[in-house]
Each structure stands twice: as C-alpha cells, then as structure tokens.
Amino acid sequence: MSKLINREELLAKENLQEIAKELEADIALYNEELTGMDREALKKEEEELMDIFKANDEYVGGVEYELPDEIEYDGRKLKRNEITTKVVGFLNRIEVQFQATLGLYQCIRFWKTRGTGKIPYGAFDSTLRMLGTLKFKGEQDCFDILVVNNWFTAAHDAYSRDNIWTQYLHARHQSIMQNMEALDKADAPQAVAE
C-alpha cells in the first residue's frame, strides 16, 4: 500500500502545479491499490486516514495568513478598513438557505470586527467560497472585487498549499468510500427478474 506523501516535503516544492500533478498521480495509484481490498482492510485504511485528518484539522485550525495593512490597486491606495468594508458589502449580497445563515453571519461579523492583518484558514476559506458564488456588475463592483482579490493575494500561496493538502486527504477518503460502496453493492441481493 502506498504511503501518504510527506506533507512538509511536498509543500516545500516551489510549483503548485507540480504538487497538484504529484498528488493526482498518488490518488490514481491509491485507487488501484484499494481495488479488491476487503472491508476490514478498507476500514483500517480509513481509520489511519482519520488520524491524519485530525492532525490536519488541528494544523489548519491554528494557521493564520498575513494580509497587508494597505495595498495599491489601479493607482489607488486602500487601507485594510476600506477593503474589509468592501468584503462585508459583498458578503451582505449573498442569499442563503436557513441552514447556512449562521456561517454567513459569522463570516460577516468576522470581517466587521477583525482588527489585525491576520486571518485564520477557516475564515479565509469560507470567505473565498462565499465570494466565489457572487456575480459582479459594473465598473465599481469590478474594481471593488479586484481590490479584494489583490489584497488576498498576499495569502494565496500559503492558503493554496494548505488547501491542496486538505483536498488530497479528502480525495484519498473518497477513494476508500467508493471501494466500500462497491463492496456494499456486490453484497446486496440482486433483484430476480420474473
């Protein structure tokens, strides 16, 4: 069974595209290795992976990314409070189902009250996902989101490295689950045609 790629060695590499290719190749190999394993072996794989997930959750739970106090975009200098006001404005446009109201509310409150230049992984990840659901219209809207994006660029590389590792763990877990589902289907009684 192929071992999990070493996180620190992998993420120390310069090129994120090379990292992504290496992880994709590892997932393909892992899928092949899981094929044909029995339920007990798959459960053991999942238990080991869950320990790694737990360690990763603890790691990303403590990670913060540095955002600058000020940026210059298209000839204009903008301070953090001006940019966070833009973020809040965009988040306030998002419509969600009841189940997602707490997450959106907490994200908006975070940006309204945050006084430092550091942002935790979870808040950054949630903000990016939420902003990614929006559409933008007109010059001012486009300028504002480009300012926000430019400001977030300072954290992009570190966030991308943490995120790609988290996605890799999810992909390995998905491989295990697909193989368990295949076993469940194989064990299910087949309908008899009459």
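Is aspartate 157 buried, partly exposed or exposed? Aspartate 157 is partly exposed, with a relative accessible area of 37%. Here, buried stands for under 20% relative accessible area, exposed for over 50%, and partly exposed for what lies in between (1.4 Å probe, protein chains only).

Before going on, a word about the model: it is predicted, so local features need pLDDT of at least 70 and side-chain atom pairs count only at pLDDT 80 or more, while totals for chains, interfaces and linings use all residues. Residues are numbered from 1 along each chain as its sequence is written, and side-chain values use heavy atoms, with hydrogens and water left out.

**Salt bridges**

Searching the whole structure turns up 11 salt bridges. The term covers a side-chain nitrogen of Lys or Arg within 4 Å of a carboxyl oxygen of Asp or Glu. Among them are these:

| Arginine | Aspartate | N to O distance |
|---|---|---|
| arginine 172 | aspartate 26 | 2.7 Å |
| arginine 39 | aspartate 184 | 2.8 Å |
| arginine 161 | aspartate 157 | 2.9 Å |

Let's start with the salt bridge between arginine 172 and aspartate 26. Arginine 172 belongs to helix α7 (residues 138-187) and aspartate 26 to helix α2 (residues 16-34), so this pair ties together parts that are 146 residues apart in sequence. Helices here are DSSP runs (H or I, at least four residues), numbered from the N terminus, as are strands (E, at least two). Arginine 172 and aspartate 26 are both buried.

Next come aspartate 184 and arginine 39, whose salt bridge has its closest N and O atoms 2.8 Å apart. Aspartate 184 sits in helix α7 and arginine 39 in helix α3 (residues 39-62), so parts that are 145 residues apart in sequence are tied together by the pair. Aspartate 184 is partly exposed at 43% relative accessibility, and arginine 39 is partly exposed at 27%.

The aspartate 157 of the opening question meets arginine 161 in a salt bridge. Arginine 161 and aspartate 157 are 4 residues apart in helix α7, a separation of about one helical turn. Arginine 161 counts as buried, at 11% relative accessibility.

**Around aspartate 125**

Where is aspartate 125 found? Its place is helix α6 (residues 121-131). Aspartate 125 is buried, with a relative accessible area of 11%. Its side chain and that of arginine 129 are joined by a polar contact of 2.9 Å. A polar contact is a pair of N or O atoms within 3.5 Å; within protein, one must be able to donate a hydrogen and the other to accept it, and residues adjacent in sequence count only if both atoms are side-chain atoms. Leaving aside residues up to four places away in sequence, aspartate 125 touches Tyr159 and Asn163, where contact means heavy atoms within 4.5 Å.
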